[in-house]
Amino acid sequence: MSSEDSNPAATPTPGVDTQGDGRWMSLHNHFVSNSKDKEPDVLFVGDSLVQLLYQFEVWRDLFSPLHALNFGVGGDATQHVLWRLSNGELGHISPKVVVLWVGTNNHGHTAEQICGGIMAIVQLIKDKLPKAYTLVLGVLPRGKMPNSLRERNAQVNKLVQEAVSSLPHASLLNVDPGFVHSDGSISHQDLYDYLHLTPQGYQAVCQPLHAHLKGLLEKQAEN
Amino acid sequence: MSGDEMNPAAVAQAVEDIQGDDRWMSQHTRFVQECKDAEPEVLFIGDSMVQLMQQYEIWRELFSPLHALNFGIGGDTTCNVLWRLQNGELDNIGPKVTVVWVGTNNHEHSAEQVAGGILAIAQLLTSRLPKTKVVVLGLLARGEWPNPLREKNVAVNSFLRSWLPRLGHTQFLDVGAGFVHSDETISTRDMFDFLHLTAAGYRAIAKPLIDLLLQILEETPEEKRASLV
């Protein structure tokens, strides 16, 4: 895998305030202070697919009962998540499971670079939280019809699957319930803008995720 | 008022597919198709503030019963909305009310230009849909703390307040009251990323909006239900 220096997807990089209202840093600071107050058993970290999950009923139904925290930031790519986790968001917490969902926003990076970024995050979590299990969620398909980003995301999942297969503390879970129909299309009923999940889309993703998480938590409790 | 030819915020412009999955055009195409299938009484058009509303329960509770269509696309500027309206998203429909909510993404433009862009949208709507009443929603504050974008959005609203009444059939509605607390912060309870509204945030803005819509539609929910019996 490419070294951190040569892989932009694996080089911790803070979000840039291009718009002028400092929102990225505000969110990061909030998460750092959340990590001082809370004692989550599960930490969700990633991009808007994580962030938006918190806004819908499904979070309260399935993940609040598991004592979960949500550190999702819309627009984040792997290098941004890497920076956040390196700069305080893992500071005072010791979750049993970290759910990592990121990669779709790594525009301009190859599948290999994105995999490198995800694996850098997995390694960082192992370094900072030696007892935690990292569950990497597969990057979902996107776009209404087949396109190069779907191919890229599928390749990322394949590479990550291979990379984690030898690790006892991490695995990849494919959470795509079959969003792509037989004609190659994705429905706006599942992904309202062909990228972000509707509440219905989240239900389809989260039921199996929840079951898998419960299994992991039970196993962690036995250890 | 700013001349449209000189105002870049009033120039129609499609979004280029830079990422590679053509999602903007796919959404536009779907909206054009919805114009052929549906007969909305209320049309919502704008950016993610409009789009996200449809994903919360509040849409089904309050706006679906009004036969509302949602043509919001995340990231859209006034230029993008103008392009969409000129390229099929107003064909074959005759809504009684059109709600416009756009402008917070116009990062390249001054407050006056943004207001001019919104004005151009209102003008386009009243000329293409002579029976529609246009409601322009004010831009909300954004960012956790005071910042230049909050000032800019306040300035946009100020221009709109004075310009819109001069257009017939158009009014301005400020739905931003209460989001900025006395310590000048915005809470993640209302805007989960200091820009986009939570379910609670949408509930707060829905109250004044639904009151105005019902007034314009000249029916209360009870009357409407009675008329269906």
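At what angle do the axes of helix α1 (residues 23-37) and helix α4 (residues 78-86) of chain B cross? In this predicted model, local features need pLDDT of at least 70 and side-chain atom pairs count only at pLDDT 80 or more, while totals for chains, interfaces and linings use all residues. Residues are numbered from 1 along each chain as its sequence is written, chains are lettered from A and ligands numbered from 1 in the order in which they are written, and side-chain values use heavy atoms, with hydrogens and water left out.

Two packed helices are described by the angle between their axes and the distance between the axes. For α1(B) and α4(B), the axes cross at roughly 40 degrees and come within 10 Å. Here axes are lines fitted to C-alpha atoms, for helices over the stretch in contact, with angles running from 0 to 180 degrees between N-to-C directions. On the α1(B) side, the contact (heavy atoms within 4.5 Å) is made by B:Trp24, B:Met25, B:His28 and B:Phe31, and on the α4(B) side by B:Asn80, B:Trp83 and B:Arg84. These residues divide into 4 nonpolar, 2 polar and 1 charged.

The next topic is the pairing of the chains. Contacts link 25 residues of chain A with 25 residues of chain B. The area buried between them is about 2,300 Å², and carbon and sulfur atoms give 55% of it; buried area is the accessible area (1.4 Å probe) that two parts lose on being put together, summed over both. Within chain A, the residues that lose the most area to chain B are A:Arg23, A:Gln55 and A:Tyr192, together 24% of what that side buries.

UniProt, in an unreviewed entry, lists "domain: SGNH hydrolase-type esterase" for residues 44-204 of chain A, and the annotation covers residues 44-204 of chain B. Such annotations may be inferred rather than shown by experiment. In chain A this span is 39% helix and 14% strand, with its end C-alpha atoms 18 Å apart. In chain B the span is 39% helix and 14% strand, and the end C-alpha atoms are 17 Å apart. Helices (H or I, at least four residues) and strands (E, at least two) are DSSP runs, numbered from the N terminus.

Finally, a note on the backbone. A:His67, though not a glycine, has a positive phi of about 60 degrees, and its place is in the loop between α3 (57-63) and β2 (68-72) of chain A.

Terms used:
Nonpolar A, V, L, I, M, F, W, Y, C, P; charged D, E, K, R; others polar.
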